[in-house]
Amino acid sequence: METFTFRAAGEVTFGVGSIQQVGLKVKRHGGNKILLVVDQGFAKSGPLEKITDALKKEKISFVLFDAVEPEPQGETAEQCGFLAKNEGCDFVLGVGGGSAMDTAKAAAILATNGGRVRDYQGLDKVPRPGLPKGMVPTTAGTGSEVTFTAVFINTEEKKKAGINSVHLFPEMSVLDPELTLSLPPAVTAFTGMDALAHAIESYTSLSANPLSEMVSLEAIRRIGKSLRQAVATGSDLGARSEMLLGSLLAGIGLANAGVTAVHSLSYPLGGRFRVPHGVGNGLLLPAVMKYNVLSRPERFARIAGALGEKIEGLSVKEAAVQSVEAVKRLAHDIQVPERLSDLGIPESAFPWMAEEAMKVVRPLENNPRPVSLEEAIGIYQKVF
Ligand code: NAD
(Lines give C-alpha, C1' and ligand atoms only; values in the text may rest on other atoms or scores of the structure.)
Protein backbone atom coordinates (compact mmCIF):
# COMPACT_ATOMS: atom_id res chain seq x y z
CA MET A 1 0.00 0.00 0.00
CA GLU A 2 1.31 3.45 -0.91
CA THR A 3 1.98 6.17 1.67
CA PHE A 4 -0.87 8.63 1.93
CA THR A 5 -1.87 11.70 3.92
CA PHE A 6 -5.44 12.35 5.00
CA ARG A 7 -6.30 15.93 5.88
CA ALA A 8 -9.39 17.09 7.73
CA ALA A 9 -10.83 20.44 8.70
CA GLY A 10 -11.45 21.27 12.37
CA GLU A 11 -14.44 20.53 14.57
CA VAL A 12 -17.64 19.51 12.74
CA THR A 13 -21.00 19.61 14.54
CA PHE A 14 -23.90 18.00 12.69
CA GLY A 15 -27.56 17.63 13.56
CA VAL A 16 -31.08 19.03 13.47
CA GLY A 17 -31.18 22.01 15.85
CA SER A 18 -27.38 22.14 16.17
CA ILE A 19 -27.39 25.77 15.00
CA GLN A 20 -28.36 26.74 18.55
CA GLN A 21 -24.79 25.83 19.52
CA VAL A 22 -23.15 28.13 17.00
CA GLY A 23 -22.56 30.97 19.50
CA LEU A 24 -20.91 28.62 21.96
CA LYS A 25 -18.71 27.13 19.23
CA VAL A 26 -17.66 30.54 17.94
CA LYS A 27 -16.79 31.64 21.47
CA ARG A 28 -14.72 28.50 22.07
CA HIS A 29 -12.75 29.25 18.92
CA GLY A 30 -11.92 32.75 20.10
CA GLY A 31 -14.73 34.80 18.52
CA ASN A 32 -15.89 37.83 20.51
CA LYS A 33 -16.39 40.38 17.74
CA ILE A 34 -17.02 38.59 14.49
CA LEU A 35 -17.61 39.30 10.83
CA LEU A 36 -20.83 37.51 9.89
CA VAL A 37 -20.90 36.81 6.15
CA VAL A 38 -24.42 35.82 5.12
CA ASP A 39 -25.83 34.64 1.81
CA GLN A 40 -28.51 36.98 0.40
CA GLY A 41 -30.92 34.15 -0.50
CA PHE A 42 -30.68 32.68 2.99
CA ALA A 43 -30.97 36.13 4.60
CA LYS A 44 -34.28 36.61 2.73
CA SER A 45 -35.88 33.20 3.15
CA GLY A 46 -33.99 31.32 5.85
CA PRO A 47 -34.08 31.57 9.64
CA LEU A 48 -31.21 34.06 10.03
CA GLU A 49 -32.40 35.08 13.49
CA LYS A 50 -31.60 31.58 14.79
CA ILE A 51 -27.97 32.40 14.15
CA THR A 52 -28.00 35.97 15.39
CA ASP A 53 -29.91 34.89 18.54
CA ALA A 54 -27.32 32.18 19.24
CA LEU A 55 -24.55 34.77 18.90
CA LYS A 56 -26.33 37.31 21.13
CA LYS A 57 -26.86 34.64 23.78
CA GLU A 58 -23.07 34.32 24.07
CA LYS A 59 -22.65 38.13 24.00
CA ILE A 60 -20.77 37.94 20.70
CA SER A 61 -21.03 41.16 18.71
CA PHE A 62 -21.10 40.95 14.92
CA VAL A 63 -20.59 43.06 11.84
CA LEU A 64 -22.92 41.87 9.09
CA PHE A 65 -21.87 41.50 5.44
CA ASP A 66 -24.77 40.25 3.33
CA ALA A 67 -23.76 41.33 -0.17
CA VAL A 68 -22.35 38.07 -1.50
CA GLU A 69 -23.49 37.29 -5.03
CA PRO A 70 -23.78 33.71 -6.35
CA GLU A 71 -20.46 32.63 -7.96
CA PRO A 72 -18.64 35.53 -6.27
CA GLN A 73 -16.03 37.83 -7.72
CA GLY A 74 -12.69 38.36 -6.02
CA GLU A 75 -13.63 41.97 -5.22
CA THR A 76 -16.47 40.81 -2.96
CA ALA A 77 -14.07 38.86 -0.75
CA GLU A 78 -11.67 41.80 -0.78
CA GLN A 79 -14.38 44.18 0.53
CA CYS A 80 -15.23 41.62 3.14
CA GLY A 81 -11.61 41.14 4.25
CA PHE A 82 -11.21 44.92 4.47
CA LEU A 83 -14.31 45.14 6.67
CA ALA A 84 -13.03 42.39 9.00
CA LYS A 85 -9.71 44.19 9.40
CA ASN A 86 -11.13 47.70 9.77
CA GLU A 87 -13.70 46.62 12.34
CA GLY A 88 -11.10 44.70 14.34
CA CYS A 89 -12.94 41.39 14.04
CA ASP A 90 -11.35 38.36 15.66
CA PHE A 91 -13.32 35.64 13.84
CA VAL A 92 -15.20 35.19 10.53
CA LEU A 93 -18.43 33.18 10.34
CA GLY A 94 -19.68 32.24 6.85
CA VAL A 95 -23.37 31.33 6.51
CA GLY A 96 -24.69 30.25 3.13
CA GLY A 97 -23.86 28.14 0.13
CA GLY A 98 -20.38 27.82 -1.33
CA SER A 99 -20.48 31.44 -2.50
CA ALA A 100 -20.85 32.91 1.02
CA MET A 101 -18.60 30.33 2.69
CA ASP A 102 -15.80 30.87 0.14
CA THR A 103 -16.11 34.64 0.58
CA ALA A 104 -15.82 34.24 4.36
CA LYS A 105 -12.82 31.90 4.03
CA ALA A 106 -10.99 34.31 1.73
CA ALA A 107 -11.91 37.33 3.90
CA ALA A 108 -10.30 35.60 6.88
CA ILE A 109 -6.95 35.25 5.10
CA LEU A 110 -7.13 38.67 3.41
CA ALA A 111 -7.67 40.33 6.80
CA THR A 112 -4.27 39.11 8.01
CA ASN A 113 -2.29 38.79 4.76
CA GLY A 114 -3.53 41.88 2.89
CA GLY A 115 -3.34 41.88 -0.90
CA ARG A 116 -5.93 40.77 -3.43
CA VAL A 117 -7.66 37.49 -4.16
CA ARG A 118 -5.71 37.08 -7.41
CA ASP A 119 -2.42 37.11 -5.41
CA TYR A 120 -3.41 33.83 -3.79
CA GLN A 121 -5.26 31.92 -6.53
CA GLY A 122 -3.38 28.68 -7.18
CA LEU A 123 -1.86 26.21 -4.72
CA ASP A 124 -0.16 27.10 -1.41
CA LYS A 125 0.25 30.81 -2.10
CA VAL A 126 -1.10 32.12 1.21
CA PRO A 127 1.87 32.91 3.48
CA ARG A 128 0.18 33.39 6.87
CA PRO A 129 -2.83 31.91 8.70
CA GLY A 130 -6.01 33.98 8.58
CA LEU A 131 -8.43 34.92 11.31
CA PRO A 132 -10.08 31.84 12.79
CA LYS A 133 -13.22 30.96 10.80
CA GLY A 134 -16.35 28.88 11.07
CA MET A 135 -18.82 27.79 8.42
CA VAL A 136 -22.55 27.12 8.42
CA PRO A 137 -23.65 25.62 5.09
CA THR A 138 -27.20 26.36 3.90
CA THR A 139 -26.94 24.38 0.65
CA ALA A 140 -26.08 20.67 0.46
CA GLY A 141 -23.56 20.99 -2.32
CA THR A 142 -20.05 22.32 -2.16
CA GLY A 143 -18.68 20.89 1.09
CA SER A 144 -16.73 24.16 1.39
CA GLU A 145 -17.17 23.89 5.19
CA VAL A 146 -14.45 21.18 5.18
CA THR A 147 -12.27 22.04 2.17
CA PHE A 148 -9.13 24.15 1.81
CA THR A 149 -10.47 25.92 -1.27
CA ALA A 150 -12.27 29.18 -2.07
CA VAL A 151 -13.29 29.87 -5.67
CA PHE A 152 -13.69 33.29 -7.31
CA ILE A 153 -14.38 34.72 -10.73
CA ASN A 154 -11.79 37.08 -12.10
CA THR A 155 -14.06 39.43 -14.05
CA GLU A 156 -11.29 40.95 -16.19
CA GLU A 157 -10.06 37.60 -17.44
CA LYS A 158 -13.53 35.98 -17.26
CA LYS A 159 -11.97 33.05 -15.43
CA LYS A 160 -12.79 31.11 -12.31
CA ALA A 161 -9.92 30.03 -10.10
CA GLY A 162 -9.50 28.70 -6.58
CA ILE A 163 -7.33 29.76 -3.68
CA ASN A 164 -6.06 26.44 -2.33
CA SER A 165 -4.22 26.61 0.96
CA VAL A 166 -4.19 24.78 4.30
CA HIS A 167 -4.92 28.19 5.83
CA LEU A 168 -8.42 27.95 4.33
CA PHE A 169 -9.46 24.86 6.28
CA PRO A 170 -12.23 26.14 8.59
CA GLU A 171 -11.50 25.69 12.30
CA MET A 172 -15.10 24.70 12.90
CA SER A 173 -18.42 24.16 11.15
CA VAL A 174 -22.01 23.65 12.24
CA LEU A 175 -24.30 21.72 9.90
CA ASP A 176 -27.99 21.95 10.69
CA PRO A 177 -30.23 20.33 8.04
CA GLU A 178 -33.11 22.64 9.02
CA LEU A 179 -31.22 25.53 7.42
CA THR A 180 -31.52 23.83 4.02
CA LEU A 181 -35.33 23.52 4.17
CA SER A 182 -35.79 26.90 2.45
CA LEU A 183 -33.76 25.91 -0.62
CA PRO A 184 -35.96 25.99 -3.74
CA PRO A 185 -36.22 22.70 -5.72
CA ALA A 186 -34.02 23.85 -8.63
CA VAL A 187 -31.20 24.96 -6.29
CA THR A 188 -31.56 21.73 -4.28
CA ALA A 189 -31.18 19.84 -7.56
CA PHE A 190 -28.10 21.55 -8.95
CA THR A 191 -26.26 21.88 -5.64
CA GLY A 192 -27.04 18.19 -5.00
CA MET A 193 -25.56 17.25 -8.38
CA ASP A 194 -22.46 19.23 -7.41
CA ALA A 195 -22.11 17.16 -4.25
CA LEU A 196 -22.57 13.97 -6.29
CA ALA A 197 -19.90 15.15 -8.73
CA HIS A 198 -17.48 15.74 -5.82
CA ALA A 199 -18.21 12.27 -4.48
CA ILE A 200 -17.86 10.44 -7.82
CA GLU A 201 -14.86 12.45 -8.98
CA SER A 202 -12.97 12.04 -5.71
CA TYR A 203 -13.79 8.31 -5.66
CA THR A 204 -12.44 7.79 -9.18
CA SER A 205 -9.53 10.27 -8.84
CA LEU A 206 -6.00 8.97 -9.30
CA SER A 207 -5.18 10.77 -6.02
CA ALA A 208 -7.77 8.85 -3.98
CA ASN A 209 -6.51 7.04 -0.86
CA PRO A 210 -8.11 4.32 1.26
CA LEU A 211 -9.67 6.80 3.70
CA SER A 212 -10.95 9.22 1.07
CA GLU A 213 -12.45 6.31 -0.88
CA MET A 214 -14.53 5.30 2.13
CA VAL A 215 -16.03 8.74 2.60
CA SER A 216 -16.56 9.33 -1.13
CA LEU A 217 -18.42 6.05 -1.62
CA GLU A 218 -20.57 6.68 1.43
CA ALA A 219 -21.33 10.16 0.06
CA ILE A 220 -22.46 8.62 -3.26
CA ARG A 221 -24.73 6.20 -1.39
CA ARG A 222 -26.40 8.89 0.74
CA ILE A 223 -26.82 11.39 -2.07
CA GLY A 224 -28.11 8.73 -4.47
CA LYS A 225 -30.70 7.65 -1.90
CA SER A 226 -31.98 11.10 -0.98
CA LEU A 227 -31.54 13.67 -3.76
CA ARG A 228 -34.79 12.91 -5.63
CA GLN A 229 -36.78 13.15 -2.42
CA ALA A 230 -35.06 16.38 -1.28
CA VAL A 231 -35.99 17.98 -4.62
CA ALA A 232 -39.53 16.60 -4.75
CA THR A 233 -40.42 17.20 -1.09
CA GLY A 234 -38.19 19.94 0.22
CA SER A 235 -39.79 19.77 3.68
CA ASP A 236 -38.55 16.20 4.23
CA LEU A 237 -36.02 16.71 7.00
CA GLY A 238 -34.77 13.13 6.68
CA ALA A 239 -33.84 13.63 3.01
CA ARG A 240 -32.34 17.06 3.80
CA SER A 241 -30.22 15.52 6.57
CA GLU A 242 -28.95 12.75 4.27
CA MET A 243 -28.08 15.33 1.61
CA LEU A 244 -26.21 17.57 4.04
CA LEU A 245 -24.26 14.61 5.43
CA GLY A 246 -23.62 13.40 1.87
CA SER A 247 -22.26 16.78 0.77
CA LEU A 248 -20.09 16.98 3.91
CA LEU A 249 -18.59 13.55 3.17
CA ALA A 250 -18.12 14.47 -0.49
CA GLY A 251 -16.28 17.63 0.64
CA ILE A 252 -13.93 15.54 2.80
CA GLY A 253 -13.35 13.24 -0.18
CA LEU A 254 -12.65 16.19 -2.46
CA ALA A 255 -10.29 17.85 0.03
CA ASN A 256 -8.17 14.70 0.00
CA ALA A 257 -8.46 13.16 -3.46
CA GLY A 258 -9.28 16.25 -5.52
CA VAL A 259 -11.72 16.33 -8.39
CA THR A 260 -11.33 15.26 -12.01
CA ALA A 261 -12.14 16.41 -15.55
CA VAL A 262 -15.75 17.40 -14.76
CA HIS A 263 -14.43 20.39 -12.85
CA SER A 264 -11.83 21.35 -15.47
CA LEU A 265 -14.47 21.32 -18.19
CA SER A 266 -17.03 23.13 -16.05
CA TYR A 267 -14.83 26.09 -14.91
CA PRO A 268 -15.04 27.94 -18.29
CA LEU A 269 -18.86 27.68 -18.14
CA GLY A 270 -18.83 29.58 -14.85
CA GLY A 271 -16.08 32.06 -15.74
CA ARG A 272 -17.47 33.31 -19.03
CA PHE A 273 -21.14 32.31 -19.12
CA ARG A 274 -21.90 32.58 -15.39
CA VAL A 275 -23.41 29.11 -15.32
CA PRO A 276 -23.85 28.13 -11.63
CA HIS A 277 -21.15 25.71 -10.52
CA GLY A 278 -23.59 22.89 -9.76
CA VAL A 279 -25.42 23.28 -13.08
CA GLY A 280 -22.16 22.97 -15.04
CA ASN A 281 -20.93 20.01 -13.02
CA GLY A 282 -24.29 18.23 -13.10
CA LEU A 283 -24.52 18.63 -16.87
CA LEU A 284 -20.99 17.37 -17.52
CA LEU A 285 -20.89 14.58 -14.92
CA PRO A 286 -22.57 11.78 -16.94
CA ALA A 287 -20.59 12.64 -20.10
CA VAL A 288 -17.25 12.61 -18.28
CA MET A 289 -18.21 9.38 -16.46
CA LYS A 290 -18.96 7.81 -19.85
CA TYR A 291 -15.56 8.97 -21.11
CA ASN A 292 -13.78 7.57 -18.00
CA VAL A 293 -15.79 4.45 -17.30
CA LEU A 294 -13.53 1.84 -18.84
CA SER A 295 -10.36 3.24 -17.30
CA ARG A 296 -11.43 2.25 -13.76
CA PRO A 297 -14.31 -0.18 -14.32
CA GLU A 298 -14.23 -1.74 -10.83
CA ARG A 299 -14.71 1.65 -9.22
CA PHE A 300 -17.53 2.63 -11.56
CA ALA A 301 -19.17 -0.76 -10.89
CA ARG A 302 -19.06 0.00 -7.15
CA ILE A 303 -20.56 3.42 -7.83
CA ALA A 304 -23.45 1.69 -9.62
CA GLY A 305 -23.97 -0.50 -6.54
CA ALA A 306 -23.83 2.53 -4.21
CA LEU A 307 -26.47 4.23 -6.35
CA GLY A 308 -28.76 1.26 -5.82
CA GLU A 309 -28.43 -0.30 -9.27
CA LYS A 310 -29.02 -4.06 -9.50
CA ILE A 311 -25.56 -5.24 -10.51
CA GLU A 312 -25.70 -8.89 -9.38
CA GLY A 313 -24.94 -11.19 -12.30
CA LEU A 314 -23.51 -8.39 -14.45
CA SER A 315 -19.91 -8.32 -15.64
CA VAL A 316 -17.74 -5.57 -14.14
CA LYS A 317 -17.93 -3.68 -17.42
CA GLU A 318 -21.72 -3.93 -17.59
CA ALA A 319 -22.06 -2.81 -13.98
CA ALA A 320 -19.67 0.09 -14.60
CA VAL A 321 -21.77 1.31 -17.52
CA GLN A 322 -24.85 1.13 -15.25
CA SER A 323 -23.31 3.85 -13.08
CA VAL A 324 -23.41 6.27 -16.02
CA GLU A 325 -27.02 5.38 -16.77
CA ALA A 326 -27.98 5.79 -13.10
CA VAL A 327 -26.53 9.31 -12.93
CA LYS A 328 -28.18 10.26 -16.24
CA ARG A 329 -31.58 9.09 -14.94
CA LEU A 330 -31.09 10.96 -11.68
CA ALA A 331 -30.16 14.20 -13.49
CA HIS A 332 -33.17 13.78 -15.75
CA ASP A 333 -35.57 13.07 -12.87
CA ILE A 334 -34.54 16.14 -10.91
CA GLN A 335 -34.62 18.29 -14.04
CA VAL A 336 -31.17 19.81 -14.04
CA PRO A 337 -30.14 21.19 -17.43
CA GLU A 338 -28.80 18.36 -19.59
CA ARG A 339 -27.55 20.22 -22.68
CA LEU A 340 -25.21 23.18 -23.22
CA SER A 341 -27.59 24.46 -25.89
CA ASP A 342 -30.27 24.83 -23.15
CA LEU A 343 -27.90 27.26 -21.39
CA GLY A 344 -27.45 29.38 -24.51
CA ILE A 345 -23.80 28.37 -24.97
CA PRO A 346 -22.89 28.43 -28.66
CA GLU A 347 -20.91 25.60 -30.30
CA SER A 348 -18.47 28.21 -31.60
CA ALA A 349 -17.24 28.71 -28.00
CA PHE A 350 -16.08 25.09 -27.61
CA PRO A 351 -12.47 25.58 -28.81
CA TRP A 352 -12.01 28.47 -26.36
CA MET A 353 -13.74 26.53 -23.56
CA ALA A 354 -11.56 23.47 -24.20
CA GLU A 355 -8.39 25.57 -24.17
CA GLU A 356 -9.42 27.11 -20.86
CA ALA A 357 -10.30 23.68 -19.46
CA MET A 358 -6.81 22.42 -20.36
CA LYS A 359 -5.40 25.13 -18.06
CA VAL A 360 -7.31 23.75 -15.06
CA VAL A 361 -4.49 21.27 -14.66
CA ARG A 362 -4.80 19.58 -11.28
CA PRO A 363 -8.23 17.98 -11.85
CA LEU A 364 -7.04 16.77 -15.26
CA GLU A 365 -4.02 15.16 -13.63
CA ASN A 366 -6.39 13.31 -11.28
CA ASN A 367 -8.61 12.13 -14.14
CA PRO A 368 -8.37 8.37 -14.62
CA ARG A 369 -8.14 8.81 -18.41
CA PRO A 370 -6.01 11.48 -20.12
CA VAL A 371 -8.04 14.26 -21.80
CA SER A 372 -6.64 16.05 -24.88
CA LEU A 373 -7.88 19.34 -26.29
CA GLU A 374 -9.74 17.50 -29.06
CA GLU A 375 -11.29 15.07 -26.57
CA ALA A 376 -12.43 17.99 -24.41
CA ILE A 377 -14.15 19.53 -27.44
CA GLY A 378 -15.67 16.11 -28.16
CA ILE A 379 -17.15 15.94 -24.63
CA TYR A 380 -18.68 19.42 -25.03
CA GLN A 381 -20.16 18.34 -28.37
CA LYS A 382 -21.74 15.26 -26.79
CA VAL A 383 -23.63 17.44 -24.30
CA PHE A 384 -24.57 20.15 -26.81
P1 NAD B 1 -24.54 29.43 -3.90
O2 NAD B 1 -23.83 29.60 -2.64
O3 NAD B 1 -24.16 30.33 -5.02
O4 NAD B 1 -26.11 29.50 -3.64
C5 NAD B 1 -27.01 29.24 -4.70
C6 NAD B 1 -28.29 30.04 -4.50
O7 NAD B 1 -28.99 29.53 -3.39
C8 NAD B 1 -28.04 31.51 -4.22
O9 NAD B 1 -28.99 32.26 -4.93
C10 NAD B 1 -28.27 31.62 -2.72
O11 NAD B 1 -28.71 32.92 -2.37
C12 NAD B 1 -29.34 30.59 -2.49
N13 NAD B 1 -29.40 29.98 -1.15
C14 NAD B 1 -28.39 29.43 -0.45
N15 NAD B 1 -28.86 28.86 0.68
C16 NAD B 1 -30.21 29.07 0.69
C17 NAD B 1 -31.25 28.68 1.59
N18 NAD B 1 -31.03 27.91 2.66
N19 NAD B 1 -32.50 29.07 1.28
C20 NAD B 1 -32.77 29.77 0.15
N21 NAD B 1 -31.83 30.14 -0.75
C22 NAD B 1 -30.56 29.78 -0.47
O23 NAD B 1 -24.40 27.93 -4.45
P24 NAD B 1 -23.43 26.75 -4.05
O25 NAD B 1 -23.59 25.76 -5.13
O26 NAD B 1 -23.62 26.31 -2.66
O27 NAD B 1 -21.98 27.43 -4.14
C28 NAD B 1 -21.40 27.71 -5.38
C29 NAD B 1 -20.05 28.36 -5.19
O30 NAD B 1 -19.19 27.51 -4.42
C31 NAD B 1 -19.35 28.59 -6.53
O32 NAD B 1 -18.67 29.82 -6.52
C33 NAD B 1 -18.38 27.42 -6.59
O34 NAD B 1 -17.27 27.66 -7.44
C35 NAD B 1 -17.98 27.28 -5.14
N36 NAD B 1 -17.47 25.97 -4.73
C37 NAD B 1 -16.56 25.94 -3.72
C38 NAD B 1 -16.04 24.75 -3.29
C39 NAD B 1 -15.04 24.73 -2.17
O40 NAD B 1 -14.50 23.69 -1.83
N41 NAD B 1 -14.74 25.85 -1.57
C42 NAD B 1 -16.47 23.54 -3.85
C43 NAD B 1 -17.40 23.60 -4.87
C44 NAD B 1 -17.90 24.81 -5.29
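Colleague: Quick one. Which residue in β8 stands opposite G122?

Modeller: I163 does. Keep in mind that this is a predicted model, where local features need pLDDT of at least 70, side-chain atom pairs count only at pLDDT 80 or more, and totals for chains, interfaces and linings use all residues. Residues are numbered from 1 along each chain as its sequence is written, and side-chain values use heavy atoms, with hydrogens and water left out.

Colleague: How do β5 and β8 run, parallel or antiparallel?

Modeller: Parallel, with 2 bridges joining β5 (residues 122–123) to β8 (residues 159–164). Strands pair if DSSP finds at least two bridges between them. Strands are DSSP runs of E, at least two residues, and helices are runs of H or I, at least four, numbered from the N terminus.

Colleague: And how many bridges join β7 to β8?

Modeller: There are 6, and these strands run antiparallel. T149 has N164 in β8 as its bridge partner. The hairpin of β7 and β8 has 4 residues between the strands, and K158 takes a positive phi near 50° there.

Colleague: New topic. How many cavities of 30 Å³ or more are there?

Modeller: The search finds 3. A cavity is a set of points on a 1 Å grid over the protein atoms alone where a 1.4 Å probe fits but cannot get out, and lining residues have an atom within 4 Å of a point.

Colleague: How much space lies in the largest cavity?

Modeller: About 70 Å³. Volume here is the space filled by probe spheres set on the points, which are joined across faces, edges and corners.

Colleague: Which helix gives the most to its lining?

Modeller: α4, with 3 residues. α4 (74–86), α6 (117–120) and β7 (149–154) each supply at least two. The lining includes R116, Q121 and T155.

Colleague: What about the second largest cavity, how much space is in that?

Modeller: About 50 Å³. α11 gives the most to that lining, with 4 residues. F300 is one of the lining residues.

Colleague: Which residue just after α12 takes a positive phi?

Modeller: G308, at about 85°.

Technical notes. On a 1 Å grid over the protein atoms alone, a cavity is a set of points where a 1.4 Å probe fits but cannot get out, and a pocket is an open set with protein on both sides within 12 Å along at least five of seven lines; lining residues have an atom within 4 Å of a point.
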